[in-house]
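This briefing is meant to be read beside the sequence and the three-dimensional view. Please keep both at hand while going through the points below.

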Amino acid sequence: MDIFIQQLINGLVVGSIYALIALGYTMVYGILQLINFAHGEIVMMGAMITISAISVLSATGIGLPGPVLVVGGLLIAMPITMLIGFIIERIAYRPLRNAPRLAPLITAIGISIVLQQVAVLVWKNNPRSFPDLLPHEGHNFFGAVITDLQIVIVALALLIMVGLLVMVEKTKLGRAMRAVSMNQAVAGLMGVNINYVISMTFVIGSGLGAIAGVMVGANYGLAYPTMGFMIGLKAFTAAVLGGIGNLGGAVAGGILLGIIESVGAGYLGPLTGGVLGSHYQDIFAFMVLILVLVFRPSGLLGERVAERA
Amino acid sequence: MANQANTELLLEISGIHKRFGGLCALNDVALSINKGEIYGLIGPNGAGKTTLFNVLTGLYQPDEGKFTFKGIDLFRQKPNVVVDSGIARTFQNIRLFHNMTALENVMVGRHVRTKAGVIGAVFRNPGTRVEEAAIKARSLELLDYVGIRKHAEEHAKNLSYGDQRRLEIARALATDPQLLALDEPAAGMNGKETDDLKRLMEKIRADGVTILLIEHDVKLMMGLCDRIAVLDYGKKIAEGVPEVVKNDPRVIEAYLGATPD
């Protein structure tokens with residue numbers, strides 16, 4: 001088995017998920033210049049609610065096929081995470097829209113802790129295995145193995161990302177989002193309902209977050225109430241790597257980060273003579289974050305902008 | 001000149017106060033604009049003209065006063081509600097969406113006159129597509145109306161200064177306003193551009209849109225406006241037809257300083 005190609009495939013899968021989550025960060029940042037640190041918890045909620053919904057659906061005894069159960073669970077989880085995203089914006093960010101930027105950052109962390117602890121109360125602080133309902137038959141791919149599930153994750157993620165880019169470029173809501181991100185006051189004076197646009201940005205980002213949460217759960221086979229922290233931080237790194245606020249950048253940054261991490265983890269053991277095992281893979285994401293912040297804070301695709309006077 | 005017998009009141013404000021800390025930027029300002037007129041607003045720098053514009057378009061919340069438009073109460077309403085009621089504006093310092101095309105800028109202006117929301121954006125159902133096509137068609141029409149259709153696909157930031165001003169007017173017209181508020185549209189324009197602009201404003205008025213105009217170019221104002229109000233230190237010191245305002249001693253004093261006699 002070719003380890004390089006295998007790690008490349010794994011990286012692409014993880015990277016597609018990072019990219020989906022990074023889009024949630026970057027959409028909100030583009031419009032509000034706010035880092036919504038609660039977004040990782042939305043992803044967690046998506047995964048946990050889907051698991052519960054699947055167990056309820058299978059308990060009905062209708063005997064639905066596995067993929068239908070997963071999609072059904074997701075369709076229950078998505079509206080709930082969308083509602084959570086909507087409420088977060090209303091109670092934690094909207095009252096602070098004209099406050100110093102540090103204030104909503106702190107409420108973001110607060111909301112993040114609240115959601116995490118609510119999840120601990122509801123689901124207990126144990127990992128839950130994600131029901132094994134999806135086909136993961138392996139296919140040979142240039143000496144490496146790619147499973148059905150991995151193909152579905154990558155294809156679905158790319159489809160959603162293209163859909164989102166089309167929405168932002170070609171629809172009335174997308175135009176309004178861009179207008180608000182360029183100049184909020186002028187967009188309002190031209191008749192754009194700013195509060196609606198911001199609410200919908202959170203709703204759409206949270207919907208994507210739920211899908212990403214299910215992908216994480218299905219890919220690793222488990223989910224737990226504190227998973228949102230690390231996955232959120234990684235996706236945030238991906239958004240910064242691509243240039244935060246830039247949608248294309250979030251996609252590129254996510255996929256690139258996934259590949260760096262997987263390939264790096266694959267060679268970490270041999271390179272360090274076995275001192276550091278592949279479970280140290282997280283260091284790559286944060287090395288990337290530090291390097292980007294030091295050498296190219298605007299990210300790969302972000303515009304270099306002068307500090308505003 | 002507006003015939004007093006059959007004028008119809010469009011906008012009316014009275015007792016408007018706006019303070020910034022200790023500074024009273026607008027002090028008991030009242031004015032009324034009739035349907036179909038070109039109403040000018042002049043005054044020395046810092047007199048409160050743009051502040052009044054910001055109050056009339058919902059950007060600033062006045063501290064007290066009355067503000068009605070077509071009989072609708074707009075006191076302390078949000079900007080998008082004001083736009084929806086039929087007041088649109090341009091800016092003293094051009095404020096376009098620079099990284100959008102000229103066409104997209106105008107399309108944003110159609111926002112209040114169209115219905116599609118998040119459902120339409122995600123599912124792009126036939127109704128949404130029809131509406132989107134109508135938005136585009138109307139926006140191209142407006143670019144044509146102000147004479148910059150050939151620049152439709154260019155980014156707003158790449159347009160010439162005069163064309164950017166025209167684009168702002170097209171974007172404001174896209175909201176189907178009954179009152180168009182223009183904040184120094186001729187600033188920085190040469191003589192020919194100013195003449196073209198004057199013709200454009202007359203065309204807009206002939207098409208049934210009332211115009212509220214701030215401008216420093218006194219010659220342009222005298223030739224264009226039906227009535228003029230003069231602001232000084234946040235107070236309205238004169239109002240009337242251009243000939244009368246021009247010769248009002250308080251106006252001359254505000255612009256040139258008191259004459260010692």
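The following points describe a predicted model, arranged by topic.

**Domains of chain B**

- Chain B falls into two domains: domain 1 covers 1–86 + 178–261, and domain 2 covers 98–176.
- The C-alpha centres of domain 1 and domain 2 of chain B are 27 Å apart.
- Where these domains meet, domain 1 of chain B contributes nine residues and domain 2 of chain B contributes eight residues.
- On the side of domain 1 of chain B that touches domain 2 of chain B, helix H2 (79–85) and helix H7 (191–206) of chain B each supply at least two residues.
- H2(B) gives the largest share of that side, namely three residues.
- By class, the residues on that side of domain 1 of chain B comprise five nonpolar, two polar and two charged.

**The four-strand sheet of chain B**

- Four strands of chain B make an open sheet in the order S2-S1-S4-S5, and their pairing is antiparallel.
- Its edges are strand S2 (23–34) and strand S5 (72–73) of chain B, each of which pairs on one side only.
- Strand S1 (residues 9–20) of chain B is joined to S2(B) by eight bridges in the antiparallel sense.
- Within this pair, B:Phe20 has B:Leu23 in S2(B) as its bridge partner, and B:Lys18 stands opposite B:Leu26 in S2(B).
- S1(B) and S2(B) form a hairpin with two residues between them, and B:Gly21 in the turn has a positive phi of about 60°.
- Helix H1 of chain B packs on this sheet and touches S1 and S2 of chain B; the direction of H1(B) makes about 65° with that of S2(B).

**The six-strand sheet of chain B**

- Another open sheet of chain B has six strands in the order S6-S7-S8-S3-S9-S10, with mixed pairing.
- Strand S6 (87–89) and strand S10 (235–240) of chain B are the edge strands, each pairing on one side only.
- On average, neighbouring strands of this sheet are turned by 20° against each other, direction ignored.
- Strand S3 (residues 38–42) and strand S9 (residues 227–232) of chain B pair in the parallel sense over four bridges.
- B:Ile42 has B:Val230 in S9(B) as its bridge partner.
- H7(B) packs on the sheet, where it touches S3, strand S7 (179–183) and strand S8 (210–214) of chain B.
- The direction of H7(B) makes about 150° with that of S8(B).

**B:Phe53 and its surroundings**

- B:Phe53 lies in helix H1 (residues 49–56) of chain B.
- Is B:Phe53 buried or exposed? B:Phe53 counts as buried because it has 22 C-beta neighbours inside 10 Å, and the cut-off for a buried residue is 20 or more.
- Leaving aside residues up to four places away in sequence, B:Phe53 touches B:Arg89, B:Ala181, B:Asp183 and B:Ile214.

**Contact between the chains**

- The contact between the chains takes 29 residues from chain B and 22 residues from chain A.
- On the side of chain B that touches chain A, H2, helix H3 (102–109), helix H4 (118–123) and helix H5 (126–146) of chain B each supply at least two residues.
- That side of chain B has 13 nonpolar, nine polar and seven charged residues.

**Helices of chain A**

- Helix H6 (residues 172–182) of chain A is largely enclosed by the rest of the structure, because ten of its eleven residues are buried.
- Among the buried residues of H6(A) are A:Lys172, A:Arg175 and A:Arg178, as well as A:Leu173, A:Met177 and A:Val180.
- Helix H9 (residues 227–242) and helix H11 (residues 282–295) of chain A pack at an angle of about 35°, and their axes are 10 Å apart.
- The crossing of H9(A) and H11(A) is left-handed.
- From H9(A), A:Lys234, A:Thr237, A:Val240 and A:Leu241 take part; they meet A:Ala285, A:Phe286, A:Val288, A:Leu289 and A:Val292 in H11(A).
- By class, this contact of H9(A) with H11(A) has seven nonpolar, one polar and one charged residues.

Technical notes:
Residues are numbered from 1 along each chain as its sequence is written. Chains are lettered from A and ligands numbered from 1 in the order in which they are written. This is a predicted model: local features need pLDDT of at least 70, side-chain atom pairs count only at pLDDT 80 or more; totals for chains, interfaces and linings use all residues. Domain bounds come from an automatic or database domain assignment. Two residues are in contact if their C-beta atoms, placed from the backbone, lie within 7 Å. Ala, Val, Leu, Ile, Met, Phe, Trp, Tyr, Cys and Pro count as nonpolar, Asp, Glu, Lys and Arg as charged, and the others, Gly among them, as polar. A residue is buried if 20 or more other C-beta atoms lie within 10 Å of its own, exposed if 12 or fewer, and partly exposed in between; C-beta atoms are placed from the backbone. Two strands pair if DSSP finds at least two bridges between them. Axes are lines fitted to C-alpha atoms, for helices over the stretch in contact, and angles run from 0 to 180 degrees between N-to-C directions. A crossing is left-handed if the near helix is turned anticlockwise from the far one by less than a right angle, and right-handed if clockwise.
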